[in-house]
Amino acid sequence: MATPTAAMIVIGDEILSGRTQDKNMHHLAGELTAKGIPLTEARVISDEAATITATVRELSRQYTHVFTSGGIGPTHDDITADAVAAAFDAPIDVREDARALLAAHYTKSGTELNAARLRMARIPEGATLIDNPVSAAPGFTLGNVHVMAGVPSVFRAMVASILPTLTGGAPVLSESLRVIRPEGEIAGPLGALAAEFPDLSFGSYPFIKDGVFGANVVVRGTDASALAKAVAALRVTFPDAA
């Protein structure tokens, strides 16, 4: 079976303007890696319906799973649900099971389920709900697209709800070594090791500390034995690595 792949769409003008820093991609990438579903692409796009619809259509054709964050709240600019529905040519309206979840939540808190809050119960036809134990308003899955909130605590809760339902591949393992040498000095030997272990991924991430150049070399792969051999070879090649 081929390894499943994933993409993420971060939706929000507040991200693109710099007013808000996205934390959800970092969290999702880590959770998917542990599940054996590599996050291959991520895009940050504006709160513009046509852009959301086009991006969802494009990425849903390319990847096993697409995850979105943002734009499913109660305000007028929360248009993600409608845009995703349009991507699949699906009707969308308030759905009774989603409405019931919100009604129970707001009744318990003594808050009115007004028209604005009821917008969060608008679910495309054919979608399945994603549980939200934090604030009740559900996300949903339509086709291979998982639509989730932008608020980090809610996003994390929705990821925890959806991950057990997904079939992953072999978990990606990683090891890292800290090499106190400039990248230009280690590039040749590192390239040779990468060629020797073609099923592994070698990354070099440079840093400068106290005026000294170095790089964190990270090796990733699903084969624990090959990973161990590659790391051993790295230590021989760079005996001063930590």
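Select Ile 72, Gly 73, Met 120, Ala 149 and Val 151: of the 16 residues that line the second largest pocket, these lie nearest its centre. A pocket here is an open set of points on a 1 Å grid over the protein atoms alone, with protein on both sides within 12 Å along at least five of seven lines, and a lining residue has an atom within 4 Å of a point. The second largest pocket holds about 220 Å³ of space, where a volume is the space filled by probe spheres set on the points, with grid points joined across faces, edges and corners. Colour its lining by class and you get 9 nonpolar, 6 polar and 1 charged. For that colouring, Ala, Val, Leu, Ile, Met, Phe, Trp, Tyr, Cys and Pro count as nonpolar, Asp, Glu, Lys and Arg as charged, and the others, Gly among them, as polar.

A word on what you're looking at: this is a predicted model, where local features need pLDDT of at least 70 and side-chain atom pairs count only at pLDDT 80 or more, while totals for chains, interfaces and linings use all residues. Residues are numbered from 1 along each chain as its sequence is written, and side-chain values use heavy atoms, with hydrogens and water left out.

Elements are DSSP runs numbered from the N terminus: helices are H or I with at least four residues, strands are E with at least two. A cavity is a set of points where a 1.4 Å probe fits but cannot get out; the count comes to 1 of 30 Å³ or more. The largest cavity has about 100 Å³ of space, and its lining splits into 6 nonpolar, 1 polar and 4 charged residues.

Now for the largest pocket, at about 250 Å³. Which of its 19 lining residues lie nearest the centre? Pick Ile 11, Glu 14, Ile 15, Gly 70 and Gly 150. Strand S1 (6-11) and helix H1 (13-16) each supply at least two residues of that lining, which divides into 4 nonpolar, 9 polar and 6 charged.

On to the helix pairs. Two packed helices are described by the angle between their axes and the distance between the axes. Axes are lines fitted to C-alpha atoms, for helices over the stretch in contact, with angles from 0 to 180 degrees between N-to-C directions.

Go back to H4 and show helix H3 (residues 49-62) with it: they pack at about 50°, axes 8 Å apart. H3 and H4 are therefore oblique to each other (under 35 degrees counts as roughly parallel, over 145 as roughly antiparallel, 65 to 115 as roughly perpendicular, the rest as oblique). Ala 49, Ile 52, Thr 53, Val 56 and Arg 57 of H3 make the contact with Thr 80, Ala 83, Val 84, Ala 86 and Ala 87 of H4, contact being heavy atoms within 4.5 Å.

Next, select H2 (residues 24-35) and H7 (residues 152-162), which pack at about 20° with axes 10 Å apart. That makes H2 roughly parallel to H7. Asn 24, His 27, Leu 28 and Glu 31 in H2 meet Pro 152, Phe 155, Arg 156 and Val 159 in H7.

Last stop: H8 (residues 183-196) and H9 (residues 224-237), whose axes come within 11 Å and cross at roughly 155°. H8 and H9 are therefore roughly antiparallel. Show Pro 189, Leu 190 and Leu 193 in H8 against Ala 233, Leu 234 and Thr 237 in H9; by class, this contact has 5 nonpolar, 1 polar and no charged residues.
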